[in-house]
2 protein chains.
Amino acid sequence: MKKLFGVGTGPGDKEYLTLKAVKAMENADVIFAPNNNGKNMALDTAKDFIEEKKIVLIDFPMGKVKKKDYKKAAELIKKEISDGKSGVFLTIGDPMIYSTFIYLMENIEELGVEVEVVPGITSFLAGAAKIKIPITVKGDRFLLVDDIVDEDVLAETDSICILKTTKNKEDVINLLEKNRFSYTYIKRCSLEGEKVLKNKEEILEDKDYISFILGRRKEND
Amino acid sequence: MKKLFGVGTGPGDKEYLTLKAVKAMENADVIFAPNNNGKNMALDTAKDFIEEKKIVLIDFPMGKVKKKDYKKAAELIKKEISDGKSGVFLTIGDPMIYSTFIYLMENIEELGVEVEVVPGITSFLAGAAKIKIPITVKGDRFLLVDDIVDEDVLAETDSICILKTTKNKEDVINLLEKNRFSYTYIKRCSLEGEKVLKNKEEILEDKDYISFILGRRKEND
């Protein structure tokens with residue numbers, strides 16, 4: 001039986017890898033990683049553990065991947081792992097949260113390859129640990145989104161993470177302020193160049209794609 | 001300088017520990033863990049890595065902890081670690097998600113002890129990996145709650161985790177069904193006796209406290 005592990009590599013610091021992720025990589029015959037226009041965060045994170053391994057890069061140009069690309073990728077992966085062998089597909093963060101691996105998983109299971117998912121530390125967990133501001137205390141609701149939310153939704157939550165902010169950053173911050181949320185912008189979390197910003201002007205000036213906002217309803221509201 | 005690491009041990013399987021968590025434990029002079037009426041999941045998870053360490057159990061009877069208990073615990077911890085030494089406080093899941101450590105952190109920082117938080121794999125991440133059902137795909141909203149939600153809130157989300165279901169399990173499931181969510185009940189995730197249930201009757205029969213529900217809006221809705 002062929003087996004593919006979908007391994008979450010976390011936000012970037014290799015110390016956020018789990019023991020299970022390291023074990024899956026060490027036991028794998030082939031390591032697969034998405035190739036996003038030459039950028040490869042997941043592979044960078046894992047590199048110390050896969051030095052002796054065969055590495056196969058799969059083109060997944062961010063924002064431009066089509067259904068047939070996943071099918072092609074699944075066929076390529078199946079071809080690379082023989083029966084009784086195992087492969088690891090590396091993906092940043094966690095494989096079940098806004099990940100390329102989700103679509104790939106469906107395609108590869110259809111080809112009769114067994115899949116096991118190894119969870120990873122998400123950026124919002126690493127970010128909250130960094131700034132030491134709780135995500136949830138008893139009774140709280142936490143909302144995770146990849147884009148802007150409207151006011152009705154925000155009204156129902158105590159805590160929020162907005163993962164992609166490059167397009168609507170000012171709108172997001174204005175909405176948080178209007179609804180009395182405190183907020184923190186975390187850039188390149190756990191990577192070189194990591195920055196924690198709380199000042200609105202500084203946040204708006206930053207253009208880094210690898211960034212997110214954690215927000216929390218101010219107390220006594 | 002004294003330093004306390006708040007370390008998330010994940011859902012229970014020791015393989016979900018991160019390399020950072022293992023390193024913090026190995027470098028620590030004292031290991032602290034909550035003692036919840038003799039139960040000690042965090043310590044069970046970590047036991048292979050702290051065999052030679054001094055272990056101090058702190059009484060935190062679940063649901064009955066008062067403000068002064070955290071203050072007392074913080075004072076005890078400060079007393080146990082001398083300057084230049086470090087301690088680790090073990091907590092299940094992630095330290096910033098519904099955790100005892102959050103309140104402890106505030107008290108211990110007030111006493112002048114430096115705190116570093118080491119994130120952990122949450123139960124909902126491990127659960128989604130187990131059942132291989134995505135938490136979020138592009139455009140999705142994910143809501144995390146520790147109790148029942150009302151219909152208005154559910155209407156705004158695509159995906160949900162309800163962490164504590166022992167009190168209102170039937171209400172939660174009825175609400176999910178009414179709003180066309182598929183759902184999975186995961187009991188003792190990553191622990192001995194782990195069970196994945198999708199049948200309503202079976203879910204209602206189960207009384208295990210260590211369980212949660214993952215829900216997802218059915219497609220084409």
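1. Copies are superposed by least squares on the C-alpha atoms of residues with pLDDT of at least 70 in both. In this predicted model, chain A can be laid on chain B with an RMSD of 0.0 Å. In chain A, the C-alpha of Thr18(A) is nearest the axis, 2.0 Å from it.

2. A word on conventions: local features need pLDDT of at least 70, side-chain atom pairs count only at pLDDT 80 or more, and totals for chains, interfaces and linings use all residues. Residues are numbered from 1 along each chain, chains are lettered from A, and side-chain values use heavy atoms, without hydrogens and water.

3. Now the interface. In contact (heavy atoms within 4.5 Å) are 52 residues of chain A and 52 residues of chain B. The same surface serves both copies: 100% of the contact residues of chain A recur in chain B.

4. The two chains bury about 4200 Å² between them. That is the accessible area (1.4 Å probe) lost on being put together, summed over both parts. Carbon and sulfur atoms hold 63% of it. Glu15(A), Leu19(A) and Lys132(A) supply 16% of the area that chain A buries against chain B, more than any other three residues.

5. Charges also pair up. Chain A and chain B share eight salt bridges, each a side-chain nitrogen of Lys or Arg within 4 Å of a carboxyl oxygen of Asp or Glu. Lys20(A) forms a salt bridge with Glu15(B), with the closest N and O atoms 3.4 Å apart.
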